[in-house]
Amino acid sequence: MKPHHYLKIVFLVLLFVSCSSDSNDNNGTNNLNNFSTDLCNNVSGPTAAYYANAHGIPLPLTQIPTIANPGQQFIHSQYPALGFTVPQGYNASESQAGLGVNVLRNDNQVLWRYVPGLSSLSQVNILDIVAAEVNGLFAFYGHTGNFNVDCEQNFTQPQGSFIISTSTRIIRFGNITALVAINSYFETSLGSTFASVSVASGPTAEFDNLVMDVFLPIHWQLLIIDDNVRDSDLDGTPDNQDNFPFDPQRQ
């Protein structure tokens, strides 16, 4: 199924919106260690920032988040607009259902998953989508015990012929922390549900670092960035000045 045009706008809402510049920044580095959010008092630092940004809240970043050690370039064969560079030590694979992608660290301990185009010819409760993603995480990590929900937000609102729902949460199980964010849209005249899914998980002890070094840099590549600053192959030359924008060995 090809994504509908109105879903493309929705993807950008889910996909981490904007950064603010600070001309007085002396070291040119992003630091979210002291970040907190009223959306959830149980997390702080980069994890809290990641959760807040999943709700469209801009982050006080001084630089565009980039991957320090770029690895393979991923482009979805059926949806070329879904393309980005992953860090070394990670592999990206297509998900044909919903035209998505799964990015997995080689040790199978870190997962970043984005599925923008799920659809059903019936009304689907957003909590059922959440349950499917959470159970998928448990199966992936082989977890069968208890889990904690550190943060949770659920919201539903009619808008024209749509019923728009969002559900986000941070969960902990075993030694893993995960953020799950779902947007769903029930089109009442068609009786159909469209949904987008974003999941990021990894060892709790590493999660703040994963947010800064992996999750935010991947998300940021999916934003519409002016060509004066976009550097797809991270070779230091903006795409509009680079004859080979996806080859870090040539400009």
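**View A. Surroundings of L104 in the predicted model.** L104 touches G89, Y90, N91, V110 and F140, leaving aside residues up to four places away in sequence. L104 sits in strand 4, which covers residues 100-105. V86 is 18 residues from L104 in sequence, and the C-alpha atoms of the two are 9.5 Å apart.

**View B. The aromatic pair F74 and F84.** The structure contains nine aromatic pairs. In the pair of F74 and F84, the ring centres are 5.4 Å apart and the planes meet at 45°, so the pair is tilted. F74 belongs to strand 1 (residues 70-75) and F84 to strand 2 (residues 83-87), so the pair ties together parts that are ten residues apart in sequence. Both residues, F74 and F84, are buried.

**View C. The aromatic pair F138 and F173.** The ring centres of F138 and F173 lie 4.9 Å apart with planes at 80°, so this pair is edge-to-face. F138 is in helix 3 (residues 126-141) and F173 is in strand 7, so the pair ties together parts that are 35 residues apart in sequence. F138 and F173 are both buried. One aromatic cluster is formed by F138, F140, Y141, F147 and F173.

**View D. Helix 2 and its packing partners.** Helix 2 spans residues 45-53 and is mostly covered, with nine of its nine residues buried. Among them are P46, Y50, Y51 and N53. The buried residues of helix 2 pack against strand 5 (111-120), strand 6 (148-159), strand 7 (162-173), strand 8 (176-187), strand 9 (192-203) and helix 4 (207-221).

Conventions. Residues are numbered from 1 along each chain as its sequence is written. This is a predicted model: local features need pLDDT of at least 70, side-chain atom pairs count only at pLDDT 80 or more; totals for chains, interfaces and linings use all residues. Side-chain values use heavy atoms; hydrogens and water are left out. Buried means under 20% relative accessible area, exposed over 50%, partly exposed in between (1.4 Å probe, protein chains only). Helices (H or I, at least four residues) and strands (E, at least two) are DSSP runs, numbered from the N terminus. Contact means heavy atoms within 4.5 Å. Rings of Phe, Tyr and Trp (its six-membered ring) pair if their centres lie within 6.5 Å; planes under 30 degrees apart count as stacked, over 60 as edge-to-face and the rest as tilted.
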